[in-house]
Amino acid sequence: MTRIFISLGSNIERERHIRAGLDALHAEFGELQVSRVFESAAVGFNGRPFYNLVVGAETDLPLTTLCQRLRAMEFAHGREPDAKKFAPRTLDLDLLLYGSLVCEGPVELPRAEILTNAFVLWPLAELAPELRHPRDGRTLGELWHAYDKASQQLCPIPFQWEASELQPH
């Protein structure tokens, strides 16, 4: 089994699509490790604020199959096949880490956004603070501690999913 981390984001009917994404991931992988939900401004375009979080799971799926399944989940929840990179999203699922694999295809791993976007790094560091970034070598906790927190505004929010209330600390 391989430990994976996936970021979820939505800025269209955010609560509905984040819950639907969590439900789809739970159906695919079973038990999920779930970060708190964060609200953040759109990055790279002018748009409504996003809800973002990160989930951890275990899988025995090959990387290519995993990427295909995540993409199918996005499409099943209203994502347009030809959607632009910087645009509103019903559901965005990005594979951040697939074990300690470093590769450029079929996706870039580890995903570059881990080091550049607070809405990815903070929830990821919350779930696995002692995990070492496969390229950088520092732990996710160290990376978050060193991150310029004034560069992106991010706010943990209360969020209910299943029987779990994901509360800001």
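Select Glu74. At 2% relative accessibility, Glu74 counts as buried (under 20% relative accessible area; exposed is over 50%, partly exposed in between, with a 1.4 Å probe and protein chains only). This is a predicted model, where local features need pLDDT of at least 70 and side-chain atom pairs count only at pLDDT 80 or more, while totals for chains, interfaces and linings use all residues. Residues are numbered from 1 along each chain as its sequence is written, and side-chain values use heavy atoms, with hydrogens and water left out.

Stay on Glu74 and show its contacts (heavy atoms within 4.5 Å). Beyond neighbours within four places in sequence, Glu74 touches Arg79, Leu91, Asp92 and Leu93.

Now select residues 63-76. This is helix 2, and Glu74 lies in it. Helices (H or I, at least four residues) and strands (E, at least two) are DSSP runs, numbered from the N terminus.

Which residues of helix 2 are buried? Colour Leu63, Leu66, Cys67, Leu70, Met73 and Glu74. They cover an arc of only 120° around the axis, so they sit on the same side of helix 2. The arc is taken from the directions from the helix axis to the C-beta atoms. On the other side, find Gln68 and Ala76, both exposed.

What do the buried residues of helix 2 pack against? Show strand 1 (2-10), helix 1 (14-29) and strand 5 (92-98).

Move to helix 1. Its buried residues include Arg14, His17, Leu22 and Phe29.

Gly78 follows helix 2 with a positive phi, near 95°. Gly30 follows helix 1, and its phi is positive too, near 80°.
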